[in-house]
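Work through the exercises below with the sequence and the model in view, and try each task before you read its solution.

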Amino acid sequence: MNSNYYAILMAGGVGSRFWPVSTTEFPKQFHDMLGSGHTLIQKTFSRLSKLIPAENIFILTNELYNDLVLEQLPMVKQEQVLLEPAMRNTAPCILYASLKIQKLNPDALMVVAPSDHWIEDEDEFAKNLKQCFDFCENEDALMTLGIQPTFPNTGFGYIEFETRGEAELSVAKSDENPIKKVNQFREKPDYETAKSFLEAGNFLWNGGIFIWSAKSITSAFEKFQPQMNSLFRQGIESYNTTSEKDFILKNYASSENVSIDYAIMENATNVYVLPATFDWNDLGTWGQLHEKIEKDENNNGVINAKVILENASNNIIRSDADKIIVIDGLHDYIIVDKEGVLMIYPKSKEQDIKRITGLANKL
């Protein structure tokens with residue numbers, strides 16, 4: 001296993017669209033959302049550790065979740081858990097982790113990956129990741145894994161890659177899966193625009209998985225985010241020492257609230273994408289979860305429940321109590337039973353669950 005390989009596992013999100021299972025106190029990455037016997041963060045850590053030494057995997061999370069991380073990942077040491085004292089989006093925490101890793105190993109190659117995504121073919125994922133690492137080891141490149149779009153999704157950002165001849169692009173090609181030069185990142189489109197993206201053929205979904213060398217990403221921050229770079233470099237002597245925590249507590253909240261896409265990826269010219277060859281789902285909503293779990297002959301998906309279903313179809317049903325749930329006459333619904341909450345909600349309105357969560361918190 002290559003000791004220069006590192007991972008930054010992003011585990012600070014709340015996952016509010018999975019309410020009432022996912023809450024601020026116990027968000028979705030720490031739940032077994034698929035009923036597989038393992039939580040999403042456990043699955044992600046296991047997937048990454050097939051290629052990356054376990055001691056080189058760092059978890060970026062909110063300080064509220066420190067104990068949950070250590071409980072669910074007992075192989076992880078406290079110094080591998082990087083705690084954000086304030087919510088500042090993805091750019092500041094990635095810069096912090098990158099500087100810390102670069103100090104440990106100037107030759108480090110790293111992947112930044114969400115902790116709550118679903119990837120079925122883990123061997124293919126490792127193969128794609130290795131191809132990216134090989135490219136970044138030899139090139140000054142900022143890379144992302146692009147997901148092959150299967151329908152005109154309006155909930156994802158898109159990556160537009162150049163369509164000039166491969167010889168002109170001068171990029172690596174392995175196993176007939178070419179790395180593409182990125183032309184631009186595109187915001188979440190409306191439906192007609194998304195359809196045009198698919199028809200064009202040179203657009204991929206932005207899955208939020210990034211790969212680069214420590215040298216390339218820190219140089220990019222120096223160029224495009226000089227103020228943020230200066231702030232975090234002030235603590236370089238403290239990183240990986242007992243004084244690191246104090247520096248972060250005092251200074252982290254002063255950083256700008258900005259995403260890595262906006263801060264770096266949309267500005268840099270050395271951005272490349274590898275079209276992924278594995279199945280992927282960001283498990284952002286109950287409907288997306290329904291797509292990935294086993295279903296009966298009427299397309300009902302059930303997690304942790306015993307059910308009696310009559311005249312019911314295309315529902316997702318979940319309980320934490322392994323209780324009997326009886327349903328008659330419901331179609332296209334989300335039915336979730338958790339402790340003091342029972343939610344019966346139309347799948348067609350699942351984007352409103354975030355709003356409903358806010359109303360429930362006022363009760």
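**Exercise 1.** List the residues in contact with methionine 143, leaving aside its neighbours within four places in sequence.

*Solution.* Start from the rule that contact means heavy atoms within 4.5 Å. Methionine 143 then touches Cys132, Phe135, Cys136, Ile179, Ile209, Phe210, Ile211, Trp212, Met265, Tyr272, Val273 and Leu274. Bear in mind that this is a predicted model, in which local features need pLDDT of at least 70 and side-chain atom pairs count only at pLDDT 80 or more, while totals for chains, interfaces and linings use all residues. Residues are numbered from 1 along each chain as its sequence is written, and side-chain values use heavy atoms, with hydrogens and water left out.

**Exercise 2.** Describe the largest nonpolar core.

*Solution.* A nonpolar core is a set of buried (under 20% relative accessible area, 1.4 Å probe, protein chains only) Ala, Val, Leu, Ile, Met, Phe, Trp, Tyr and Cys residues joined through side-chain atoms within 4.5 Å. The largest one has 46 residues, and those with the most contacts inside it are Ile52, Val111, Met143 and Ile211. Helix α4, residues 122-138, gives the most to this core, with six residues; helices are DSSP runs of H or I with at least four residues, numbered from the N terminus. A second, separate core of 45 residues includes Ala97, Ile101, Ala214 and Met265.

**Exercise 3.** What share of the 363 residues in the chain is buried, and how far does the C-alpha trace span along its principal axes?

*Solution.* Buried residues make up 55% of the 363 residues. The C-alpha trace spans about 60 × 50 × 35 Å along its principal axes.

Technical notes. Buried means under 20% relative accessible area, exposed over 50%, partly exposed in between (1.4 Å probe, protein chains only). Helices (H or I, at least four residues) and strands (E, at least two) are DSSP runs, numbered from the N terminus.
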